[in-house]
Amino acid sequence: MKSNDKVEGEGSYKGSKDYNERTKKFVDSGKVEQAARDAKPGSTEEGHAMEKAERIGKKHAKGEDPALNQPSKVPHEGHGHSVDKDAGR
């Protein structure tokens, strides 16, 4: 019996692939500039509230993922990388 299960722990390969496809579709649609304009704060007060929320969020961050500096070590489809199924045992 063959299992079609893939590693779907804290990160979801299927979810990431779906997100990447939808993001590419949005970028290719030409609607990015309008969305950026629509996202701008409507007032100085709203701008300050957004900056405050960003500061609070950054206080909880643990920093950048070290894999961002070594993308070749991040498993992804289409480049022959595979996930070690025995890792973490």
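Author: The protein chain has three helices and zero strands. The model is a predicted one.

Reader: What pattern does the protein chain follow when read along the sequence?

Author: The pattern is α-α-α.

Reader: What share of the 89 residues in the protein chain is buried?

Author: A residue counts as buried when its relative accessible area is under 20%. Here, buried residues make up 1% of the 89. The chain exposes about 8,800 Å², and carbon and sulfur atoms supply 52% of that area.

Reader: Now the charged side chains. How many salt bridges does a search of the whole structure find?

Author: The general idea is a side-chain nitrogen of Lys or Arg within 4 Å of a carboxyl oxygen of Asp or Glu. In this structure the search finds three.

Reader: Which residue forms a salt bridge with R22?

Author: D18 does, with the closest N and O atoms 2.9 Å apart. Both residues belong to helix 1, which covers residues 13-28. They are four residues apart, about one turn of the helix.

Reader: Why does D18 count as partly exposed?

Author: Partly exposed is the range between buried, under 20%, and exposed, over 50%. D18 has a relative accessible area of 35%, so it is placed in that range.

Reader: Which side chain meets D28 in a salt bridge?

Author: That of K24, at 2.7 Å from N to O. D28 and K24 also lie in helix 1, four residues apart, or about one turn. Both of these residues are exposed.

Reader: Where do K58 and E54 lie, and how many residues apart are they?

Author: They are in helix 3, residues 44-60, and four residues apart. That spacing means they are separated by about one helical turn. K58 forms a salt bridge with E54, and the closest N and O atoms are 3.3 Å apart.

Reader: Are K58 and E54 exposed or partly exposed?

Author: K58 is exposed because its relative accessibility is 57%, over the 50% cut-off. E54 is partly exposed because its value is 46%.

Reader: Turning to nonpolar side chains, which residues make the nonpolar surface patch of about 230 Å²?

Author: For a patch, a residue needs over 30% relative accessible area and no salt bridge. F26, V27 and V32 make this one. Among them, V27 is found in helix 1. V27 counts as partly exposed, because its relative accessibility is 48%.

How values were computed
Residues numbered from 1 in each chain as written. Predicted model: local features only at pLDDT ≥ 70, side-chain atom pairs only at ≥ 80, totals over all residues. Heavy atoms only, no water. Helix = DSSP H or I, 4+ residues; strand = E, 2+ residues; numbered from the N terminus. Buried < 20%, exposed > 50% of the residue type's maximum accessible area, 1.4 Å probe, protein only. Patch = residues over 30% accessible without salt bridge, like charges linked within 9 Å, V, L, I, M, F, W, Y side chains within 5 Å. Areas by Shrake-Rupley, 256 points an atom, 1.4 Å probe, with all protein chains shown as cover.
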